[in-house]
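Here's a quick tour of a few side chains worth a look.

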Amino acid sequence: MIDIEESLREMMECEGALAASLVDYLSRITLGAVQTPRGPDLEKVAYGDTDVMRAKLSTLELLGYDPDRLEDIVVTLDTEYHLIRPLSQRTRQGVFLYLVADRARVDLGAARATMGAVAHRLDV
């Protein structure tokens, strides 16, 4: 098991990472955050992407899908990727990892794999 600080540092080791956070989407509270000067305001991220997470889980429920099937959500911007990864063992408790990465520098597959590994080992 790894703690929040260690998990966010590991995510920031991804080439092109700009910011990483752990968010409780039930309360919209950031539980931990690390970023470069180019990273976005992570408090605003926690507030706004909580709605993204809730909407996706609501849609899965409407479709009759188990929420544990959700691996991640990728938002593609012109210069960045924003990745949301719920902690599978905590999906119903409302915790997700968030990573912002420079689109030109990041290996999206590697970043997703890193987030998956971190999510699996994170002790919240």
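## Arginines over rings

The charged end of Arg 69 sits over the ring of Tyr 65, 4.5 Å from the ring centre. For that label, NZ of Lys or CZ of Arg has to be within 6 Å of the ring centre and within 35 degrees of the ring normal. Arg 28 does this too, with its charged end over the ring of Tyr 47 at 4.2 Å from the centre.

Arg 28 is found in the loop between strand 1 (17-24) and strand 2 (29-35); strands are DSSP runs of E, at least two residues, and helices are runs of H or I, at least four, numbered from the N terminus. Its phi is near 65 degrees, a positive value in a residue other than glycine. Most residues other than glycine have a negative phi.

## Where the numbers come from

This is a predicted model, where local features need pLDDT of at least 70, side-chain atom pairs count only at pLDDT 80 or more, and totals for chains, interfaces and linings use all residues. Residues are numbered from 1 along each chain as its sequence is written, and side-chain values use heavy atoms, with hydrogens and water left out.

## A buried arginine

Arg 85 lies in strand 4 (residues 80-86). Is Arg 85 buried or exposed? Arg 85 is buried, because its relative accessible area is 17% (buried is under 20%, exposed over 50%, partly exposed in between, with a 1.4 Å probe and protein chains only). The side chain of Arg 85 also reaches the backbone oxygen of Glu 71 at 3.1 Å.

Methods. Polar contact = N/O pair within 3.5 Å; in protein donor to acceptor, adjacent residues only side chain to side chain.
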